[in-house]
Amino acid sequence: MKVNHPLHLQMLSFNLGEILPHYEVPVHYILGENDNITPTALSKAYFDTIDAPLKTIAMIPAAGHNPMYERPEECTAALRAVRETL
């Protein structure tokens, strides 16, 4: 933890809302509906502000911060849906 302390301080002071939400590439969010580390409501609120040529959001039911481990089949399906947009 000591070696990561500067990184943790940077993460705590980072405010994504200060960055313009304009992207020139597609943006795809895959969220666990029960994520208590990056709350879904905050992620969705930011997602709604994004201006991108294409944006999708997938909510993985009964998953937290690591849906790829908690609900691998549903996460894989969400990734396949993203692949279909390419």
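By class, 11 nonpolar residues and four polar residues line the largest pocket, and no charged residues do. The model is a predicted one.

**The largest pocket**

- The space in the largest pocket amounts to about 470 Å³.
- Its lining is made up of 15 residues, of which Phe-14, Leu-16, Ile-37, Thr-38 and Ser-43 are the closest to the centre of the pocket.
- Three elements, α1, β1 and α2 (40–49), each give two or more residues to the lining.
- Helix α2 provides the largest share of the lining, with four residues.

**The nonpolar surface patch**

- A nonpolar patch on the surface is formed by Phe-14, Leu-16 and Ile-19, which together have about 260 Å² of accessible area.
- Phe-14 and Leu-16 belong to this patch and are also among the residues closest to the centre of the largest pocket.

**The loop between α1 and β1**

- Ile-19, a member of the patch, lies in the loop that runs between α1 (5–13) and β1 (27–32).
- Ile-19 is classed as partly exposed because its relative accessible area of 42% falls between the limits of 20% for buried and 50% for exposed.
- Asn-15 also has its place in the loop between α1 and β1.
- Asn-15 has a relative accessibility of 39% and therefore counts as partly exposed.
- Asn-15 and Ser-43 are 28 residues apart along the chain, and 13 Å separates their C-alpha atoms.

How values were computed: Residues are numbered from 1 along each chain as its sequence is written. This is a predicted model: local features need pLDDT of at least 70, side-chain atom pairs count only at pLDDT 80 or more; totals for chains, interfaces and linings use all residues. Side-chain values use heavy atoms; hydrogens and water are left out. Patches are made of residues with over 30% relative accessible area and no salt bridge: like charges are joined within 9 Å, nonpolar side chains (Val, Leu, Ile, Met, Phe, Trp, Tyr) within 5 Å. Accessible areas come from the Shrake-Rupley method with a 1.4 Å probe; for residues, only the protein chains shown count as cover. A salt bridge is a side-chain nitrogen of Lys or Arg within 4 Å of a carboxyl oxygen of Asp or Glu. Buried means under 20% relative accessible area, exposed over 50%, partly exposed in between (1.4 Å probe, protein chains only). On a 1 Å grid over the protein atoms alone, a cavity is a set of points where a 1.4 Å probe fits but cannot get out, and a pocket is an open set with protein on both sides within 12 Å along at least five of seven lines; lining residues have an atom within 4 Å of a point. Grid points are joined across faces, edges and corners, and a volume is the space filled by probe spheres set on the points. Ala, Val, Leu, Ile, Met, Phe, Trp, Tyr, Cys and Pro count as nonpolar, Asp, Glu, Lys and Arg as charged, and the others, Gly among them, as polar.
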